[in-house]
Amino acid sequence: VVPSVRKPLGWTPISVVGPMGRTVADACLQMAASAGPDAGDPLSYPLDPLQFLAPGSADLGRLRVAYTEDFGLCDVDDGIRATFRAKIAAMRHLFAACDPIEIDFGEAHRCFDVLRAEAFVAGMRDAYEKEPGSLGPNPRANFEMGAAMSLKDCAWAQAEQTRLIKRFQRAFDDYDLILSPTTPVSPFPWTQLYAEAINGKRQENYYRWLALTYVITLTTHPALTLPCGRDHKGMPFGLQIVGRFRGDREVLAAAQGMESAFAGNEELRRPRPDLAGLKAAEPALTSIVTAPPGGAQSTTQASVSAV
C-alpha cells in the first residue's frame, strides 16, 4: 500500500513501510499522504490514498473477532498472556463474536529466517566484501547465514510462505479480525537491545522475540498495533489487530472504533505516562550518546535498523 523504493529486493513482501501516530486518526493522515503506486516498487498497485484519510469508525457490534496468545508457535511471557486474557475479557462484549482460534503457521520461523537472510545478502554484499568489520555483529551474522544458504533453501522458503498465506485465508472465512499481543514481553530499558529470553527460554537469535509480528508479516496481511491499557508491570500494552488480505482501510476503521470504545474503560484505554514519576534517562536523552554503555555506536545502530 505504501511504496518502498529503497529495498534491494523489489519483489519481497516482508520489507514494508507504514505510518506511526499517537492516535488512529494520525496514522490515517500519514497513510493518506504516503500510500499509492510507485514504479520503483513493483509490488505497489493503483489505489485511492484518500480512502485512508477518513475510513470511518467500524460498528464493533457487527464484527466477528478471533484471538490468539501466540499463533501456536511464538514464545510469550506468562504475564503478557495473563494481561492479554484480561484485555479480551474486558472487550469481548463489544463484538458480535470473540472466539479463540488455532492457526497452522507451519515452519514460519525457519521460513522467516531464510527470507530475511536472503534480504541481508542482497543489501549488504558490497559492504561485507569490502570491509566485513564495518557491519555490526548482528547484521554480519545475518549476512553470513544467508551467504551459506543454497538455492534449495530459498526455493523452500518461498514455497512455505505461499503455503502459509493460503492456509491463513481460512481464518477469515469466519472472522473479520484476529487479535493478539504485539510483543511477548513487557517493555524493557533501551540499553537492552533485545529480549534474550522469554519465560526463561533463551531465544535462538536477536529478532526471534518479534515473532508475534513477523509471522503476520509473512502473510502480507495488514496489521495495526493499538495502545490498550497497561500490562502486569504497569507498562503500556499493545494490541495487534490483523485484518483481511488488502483490508487496510477496514483495519483502520476497526481500530478507530476500538480506540473510541476503549476510551471509556481504564483497563483498555491508551495510558498516559506520569511524567513526574519518570526517572531520568541514563545516558541523558539530550546527550550525543546514542549507544548503550559498553556498546559500540555502529553496532547499536545496525542492530536496530536490522530489526
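First, the ground rules. Residues are numbered from 1 along each chain as its sequence is written, and side-chain values use heavy atoms, with hydrogens and water left out. Because the model is predicted, local features need pLDDT of at least 70 and side-chain atom pairs count only at pLDDT 80 or more, while totals for chains, interfaces and linings use all residues.

I start with strand β3, residues 177-181. Helices (H or I, at least four residues) and strands (E, at least two) are DSSP runs, numbered from the N terminus. In β3, 5 of the 5 residues are buried, where buried means under 20% relative accessible area, exposed over 50%, and partly exposed in between, with a 1.4 Å probe and protein chains only.

Which strands pair with β3? Strands count as paired if DSSP finds at least two bridges between them. Strand β1, residues 64-67, runs parallel to β3 and is joined to it by 3 bridges. Strand β7, residues 236-242, runs antiparallel to β3, with 4 bridges. Ile178 has a partner in each: Ala66 of β1 and Val242 of β7.

Staying in β7, take Gln240. Its relative accessibility is 4%, so Gln240 counts as buried. Contact here means heavy atoms within 4.5 Å. Leaving aside neighbours within four places in sequence, Gln240 is in contact with residues including Ile178, Leu179, Ser180 and Pro181, and also Leu212, Thr213 and Ile216.

That brings me to helix α6, residues 211-219, where 7 of the 9 residues are buried. Those are Ala211, Leu212, Tyr214, Val215, Ile216, Leu218 and Thr219. Their cover includes α3 (108-130), α5 (151-168), β3, β6 (223-230) and β7. After α6 comes Thr220, with a positive phi near 70°.

An α-helix has 3.6 residues a turn, so residues three or four places apart point the same way.

Now the second largest pocket, with about 830 Å³ of space. Its lining has 25 residues, of which Pro187, Met235, Pro236, Pro273 and Leu278 are the closest to the centre. A pocket is an open set of points on a 1 Å grid over the protein atoms alone, where a 1.4 Å probe fits, with protein on both sides within 12 Å along at least five of seven lines; lining residues have an atom within 4 Å of a point. Points are joined across faces, edges and corners, and the volume is the space filled by probe spheres set on them. The lining divides into 12 nonpolar, 5 polar and 8 charged residues. Ala, Val, Leu, Ile, Met, Phe, Trp, Tyr, Cys and Pro count as nonpolar, Asp, Glu, Lys and Arg as charged, and the others, Gly among them, as polar.

Thr12, in the segment before α1 (24-34), is buried at 14%.
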